[in-house]
Amino acid sequence: MTAPLDVPGSAIEAGPETVLEGAETSVIRGRSLGQIAWMRLRRDRIAMIGGIVILLLILVAIFAPLLVSWFGHPPAEWHREKLDPSIGAPLGTFGGISSDFLFGVEPDSGRDLFSRVLYGARISLLIAFFATLLCVVLGTVLGMIAGFFGGWVDTIISRLMDIFLAFPLLVFALALAGVIPDKAFGMSGDTLRISLLVFIIGFFNWPYIGRIIRGQTLSLREREFVDASRSLGARNHTILFKEILPNLLAPILVYSTLLIPSNILFEAALSFLGVGVRPPTPTWGGMLSDAVHNYQVAPNFMIFPGLAIFITVLAFNLLGDGLRDAFDPKAR
Amino acid sequence: MSENEPLLSVQNMEKHFPVTKGLFKRQVGAVKAVDGISFDVFKGETLGLVGESGCGKSTTGRLVTRLLEPTAGKVVFEGQDITHMAQGKLRPLRRDMQMIFQDPYSSLNPRHTVGTIVGAPFRIQGVETEHGIKKAVQDLLGLVGLNPEHYNRYPHEFSGGQRQRIGIARTLALKPKLIIADEPVSALDVSIQAQVVNLLEDLQNELDLTYVVIAHDLSVVRHISDRVAVMYLGKIVEIADRKRLYDSPMHPYTNALLSAVPVPDPKSRKERERIRLTGDVPSPLNPPPACRFHTRCWKAQEICKQVEPPLEELASGHRVACHFPENAPQQAVQTPATAG
């Protein structure tokens, strides 16, 4: 997927003498490793498709109210008239798909599935992004500190990572969601639930990225440019943030792209188990959970949220793989 | 500082890396990377430091620049004892003592432009430059023979020799007095080595620099040094003027090293007697007692295993640590009292 680059205007110049003679006034711009990775990524068609799908998903999530006002009905609006009054199943073919209800209607309530899937994207992406952000910030900072300082600092942080990884996260999440009241920490309703999910997913998943960052930092701090910086009199924080962190951006970007889909799945699983955002706010996991009881009469109720999760996760994974190849073509 | 006071003086410097074992990191031994070495470097001269891999040359360089903390001994720079000086107090002194690194592929941060790399000394030390950092960096690039317009390029866009020049430009930024060059050319092609060595010499003449050049290549050291120190297993075994050392080496180890230098002319190659050292360098974890070279020395006798030879001045400016030196002036040769 990543062919060797034919860089126009070859980078390597001849000897110093010719270079000095050829010193012209034109500004010479170098190409950073990031720019080169971007060039490689643009050639990776599959990763680009993943990236475009993600962009579309984000746009759909942001403009969900607008799209719903054009093509659907508000997500909480009941349409009993679309249901079979005796069994509560949707009328019409395949769960009542029509030009009015693009994905059909929900059994028992008759709510518009199209708008619910669209609104579900908001919750899923919001939680996944912020949980990933929390993971990445915690993991990067602690991983960098552990790898850079070593010794007892490393021992403490590494053992902490082991403890977090051994934590029965799902059980803890179930218990915590049950214990937390409807109002806590000055928040209530959906805001509280979303913050809670972000905290649970983010706070307990940081060791995965933390370990990767620690390992990278361990190898980076032995590089001579760190010694060079130190022999110039640089302080530790300068070395950490100016010398080491820029070299970690590639793994951070790659692993956060791969972490987002796993966090989307985790959020869906929690919602499926009923500890996520409370109904009537639509979530993909919650819809799947409801659909389990009705899959025979309304297969659309299961297929569309499932498809949404599938496409989102696949798109992020494809982009993540492409990013990894683009940043490090040797590690394949 | 008086005229004949050394710019850098190293006295009985030691560096032992602890070897730990088990859960509680019990120390079970120490790698004696540098085990009591002393030398002086005077203003304007170049001291070459040679020896096999693992003899402690690079560790010595890192101890002098305080990238490593000496276990014992003293490092005096410009009359100031910097052995255990706190990093904060050391910072201003670092302007005067800089280091050139071995591997030009790892000594430049791949994420920074050349401008950022060469300008880093000014930013870190907070030095104001007359026409801004950019102008200063471009002057430095010109000084080491690079195109000043390459300011915005990244290290991976340069060849090995050019990268080493970038490293040298960074070293020169703060106009240091002493430069420790740790294998400055060993990672480069032979054709590029000459360029870089000549550049170092030109810069020395131009900027009045003092060098400590660490290398394993005897021809490079011969070309660039005024004085040469030979190290073996963490100790200096011989230190002398370049000419004396290459023409009449006294220590058997120096002899062996010199005889291993390839001779390009096949005729004179035949006439020369080659000394082949047998065996490996002993482990610095458990170095041989007394004279450390006795396990591989063809002149070794009983005394070499029992009494450590001191580093003695056998001729003017020529110090050797050996019981049976070669090429020594007659009066200086000691007859060991008891052998057997």
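Glu106(A) sits in the loop between helix 4 (64-71) and helix 5 (113-149) of chain A. Helices here are DSSP runs of H or I with at least four residues, strands are runs of E with at least two, and both are numbered from the N terminus. This is a predicted model, where local features need pLDDT of at least 70 and side-chain atom pairs count only at pLDDT 80 or more, while totals for chains, interfaces and linings use all residues. Residues are numbered from 1 along each chain as its sequence is written, and chains are lettered from A and ligands numbered from 1 in the order in which they are written.

**Two residues in chain A**

Is Glu106(A) buried or exposed? Glu106(A) is buried, because 29 other C-beta atoms lie within 10 Å. The cut-offs are 20 or more other C-beta atoms within 10 Å for buried, 12 or fewer for exposed, and partly exposed in between, with C-beta atoms placed from the backbone. Leaving out residues up to four places away in sequence, Glu106(A) touches Arg111(A), Leu113(A), Arg116(A) and Phe301(A). A contact like this means that the C-beta atoms, placed from the backbone, lie within 7 Å.

Now take Phe172(A), which belongs to helix 7 (residues 169-179) of chain A. Phe172(A) counts as exposed, because it has 12 other C-beta atoms within 10 Å. Here are two C-alpha distances to look up in the structure:

| Pair | Apart in sequence | C-alpha to C-alpha |
|---|---|---|
| Phe172(A) and Ile200(A) | 28 residues | 8.7 Å |
| Glu106(A) and Val171(A) | 65 residues | 30 Å |

**Chain B as a whole**

On to chain B, which has eleven helices and twelve strands. Buried residues make up 43% of the 340 residues in chain B.

**The sheet**

Eight strands of chain B form an open sheet in the order 6-7-8-3-9-10-12-11, with mixed pairing. Two strands pair if DSSP finds at least two bridges between them. Strand 6 and strand 11 (312-315) of chain B are the edges, each pairing on one side only. Strand 6 runs parallel to strand 7 (residues 178-182) of chain B, and four bridges join them. Look for Gln98(B), which stands opposite Ile179(B) in strand 7.

**Domains and the chain contact**

Twelve residues of domain 1 of chain B are in contact with twelve of domain 2 of chain B. Helix 6 (residues 190-207) of chain B gives the largest share of the domain 1 side, six residues.

How many residues does each chain bring to the contact between chain A and chain B? Chain B brings 32 residues and chain A brings 28 residues. Helix 2 (87-94), strand 6 (97-100) and helix 3 (114-125) of chain B each supply at least two residues of chain B's side. Helix 3 of chain B has the largest share, with four residues.

Technical notes: Contact = placed C-beta atoms within 7 Å.
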